[in-house]
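Student: I've got a model open and I'd like to go through it with you, one question at a time. Can we start once it's on screen?

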Amino acid sequence: MAARKSKEAAKDQPALTHIDGKGEARMVDVSAKPATERAAIAEGRVVMSKATLDLIVSGNAKKGDVLGTARVAGIMAAKRTSDLIPLCHPLALSKVTVDIVPDKKLPGCIVRATVKVKGPTGVEMEALTAVSVACLTIYDMIKAVERGSRIEGIHLVEKKGGKSGHYRAC
């Protein structure tokens, strides 16, 4: 009886696309999907003390240009997402931007990545990877002065294109 109910409940829920009928991981076959314009925006933040943020903004961090280095690291990460996330498709990205804004109210840095592609699958993972690695790079570059800084709130802000259409976080 319980097995029947769980099978019936499973029919009502959307299936996980990276799990096959046997419950094993698989890469989704996107060969029949049309190449369309797709974009994703992700965001996260690195929270730190005001003194550490002042070091970053003034350009006096011992390791150098924190924001510039994190920006490049995020772009590079987006391009290598399929090497990092096992079931992601390698994509020929058409655009990757990583914007990092110091925020004195936080205090810390707000990191936002925008990724675009014309292809058969979306770029949410590339945007999220870009933000994650940019935040990790900021942490790495400031850890000598503040090991207690926090990476927080990494999430998908918006995605456009594809069969599922437009999504915007509330």
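This is a predicted model: local features need pLDDT of at least 70, side-chain atom pairs count only at pLDDT 80 or more; totals for chains, interfaces and linings use all residues.

Student: Is Ser149 buried or exposed?
Tutor: Leave aside its neighbours within four places in sequence, and Ser149 is still in contact with Val46, Val47, Met48, Tyr139 and Ile142. The cut-off for buried is under 20% relative accessible area. Ser149 has a relative accessible area of 8%, so Ser149 counts as buried.

Student: What about H2, which of its residues are exposed?
Tutor: Start with the buried ones in H2 (residues 50–58): Thr52, Leu53 and Ile56. They cover an arc of only 100° around the axis, so they sit on the same side of H2. On the other side of H2, the exposed residues are Lys50 and Ala51.

Student: Why would residues a few places apart share a side?
Tutor: In an α-helix, residues three or four places apart point the same way, because there are 3.6 residues a turn.

Student: What covers the buried residues of H2?
Tutor: Both helices and strands take part. The cover includes strand S2 (95–103), strand S3 (108–119), helix H3 (66–79) and helix H5 (124–142).

Student: In what order do the strands of the sheet come?
Tutor: Five strands form an open sheet, with antiparallel pairing. S2 and S5 (167–168) stand at the edges with a single partner strand each, so one side of each has no neighbour in the sheet. The order is S2-S3-S1-S4-S5.

Student: Which residue in S3 is the bridge partner of Ile100?
Tutor: S2 and S3 form a hairpin with four residues between them. They pair in the antiparallel sense over nine bridges. The partner of Ile100 in S3 is Val111.

Student: Which residue is joined to Pro107 by a cis peptide bond?
Tutor: Pro107 lies in the loop between S2 and S3. Omega for the cis bond is about -25°, and the residue joined to Pro107 is Leu106.

Student: And which residue in S5 is the bridge partner of Glu158?
Tutor: S4 and S5 pair over two bridges, in the antiparallel sense. In S5, the partner of Glu158 is Arg168.

Student: Last one: at what angle does H5 run to S1?
Tutor: H5 lies across S1 (36–47), S2, S3 and S4. For H3, which lies across S2 and S3, the angle to S2 is about 150°. For H5 to S1, the angle is about 25°.

Terms used
Residues are numbered from 1 along each chain as its sequence is written. Side-chain values use heavy atoms; hydrogens and water are left out. Buried means under 20% relative accessible area, exposed over 50%, partly exposed in between (1.4 Å probe, protein chains only). The arc is that of the directions from the helix axis to the C-beta atoms. Contact means heavy atoms within 4.5 Å. Two strands pair if DSSP finds at least two bridges between them. Axes are lines fitted to C-alpha atoms, for helices over the stretch in contact, and angles run from 0 to 180 degrees between N-to-C directions.
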